[in-house]
Amino acid sequence: MVSKQDFLDAAFGDSQAVANYAELPRLAFPGFVDMQRMTTLLLAERVAHDGQVLVIGAGGGLELKVFADAQPSWTFDGVDPSPAMLQLAKQTLGPLVSRVSLHEGKVDVAPDGPFDAATCILTMHFADLEERRRMLSSIRERLKPNAPFVVVHLSFAQSGGARSVWLSRYAAYVTSSGVDPAKAAGAREAIDSHLTILDPEQDESLLREAGFSDVSLFYAGFAFRGWVSYA
């Protein structure tokens, strides 16, 4: 049985996996580019032209590049536990990296802020329930009053066989994107075994427990959900 840590090391520590990372969200995540654009617009509703944004799970640098391209005066702090993924973020950002401070670790290594906004995209499902509570509280503590927080991850109904149905739909989508069916089935099994997936109602409840208000669903794409809320 592969442990959760082994799964994470294979996904984000292996050099080949890291090299291929930029392509993976586009294969597995419906509307990935549009979701990033919507996230940028949601942040821009309340972040000033010289705002500072905290990005949790910044490895790879995909959303950092989108935000930095769209808002030339924003600065960023990006946090990720994988050194290899942070190195990839530097490569992805290129000259934009001058506006980004990257930190190796989890939320607790982030500066205290307070930040004008925060995001956590395709990251929260790697944390178990208690760690997720701690992450949300730590993010909330680092935000200015009324600052927006955008979170996106796997989230779907868990009861009455629904979990199995949605995992199969995920695998079917990945296969339809051109991934080998055997690899898609392996990804389905790994996600089922190692990720913490909650139903959307519980995800929203955790945001409110952490002190976020006006929790609103802004994105739903097959097995993924995204919310905007405010500190």
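Before looking up partners, I note that two strands count as paired if DSSP finds at least two bridges between them. I also keep in mind that this is a predicted model.

Entry on the sheet. I find seven strands in an open sheet, in the order β3-β2-β1-β4-β5-β7-β6, with mixed pairing. The edge strands are β3 and β6 (213-221), each of which pairs on one side only. From one strand to the next, I read an average twist of 15°.

Entry on β1 and β2. I looked up strand β1 (residues 52-56) and found that it pairs with β2 in the parallel sense over five bridges; in β2, V79 is the bridge partner of I56. Helix α7 (residues 129-141) packs on the sheet, where it touches β1, β4 (117-121) and β5 (148-154), and its direction makes about 160° with that of β5.

Entry on β2 and β3. Strand β2 (residues 75-80) runs parallel to strand β3 (residues 100-104), and five bridges join them. I see D77 standing opposite S101 in β3.

Entry on the cavity. Searching the whole structure, I find one cavity of 30 Å³ or more, and the largest cavity holds about 50 Å³ of space. Which element gives the largest share of its lining? That share, three residues, comes from α10, while α7, β5 and α10 (200-209) each supply at least two. Among the lining residues I list M124, R132, H153, D203 and W227, and the lining divides into six nonpolar, one polar and two charged residues.

Methods:
Residues numbered from 1 in each chain as written. Predicted model: local features only at pLDDT ≥ 70, side-chain atom pairs only at ≥ 80, totals over all residues. Heavy atoms only, no water. Helix = DSSP H or I, 4+ residues; strand = E, 2+ residues; numbered from the N terminus. Axes fitted to C-alpha atoms, helices over the stretch in contact; angles between N-to-C directions. Contact = heavy atoms within 4.5 Å. 1 Å grid on protein atoms, 1.4 Å probe; cavity = no way out; pocket = protein on both sides within 12 Å on 5 of 7 lines; lining within 4 Å. Points joined across faces, edges and corners; volume = space filled by probe spheres on them. Nonpolar A, V, L, I, M, F, W, Y, C, P; charged D, E, K, R; others polar.
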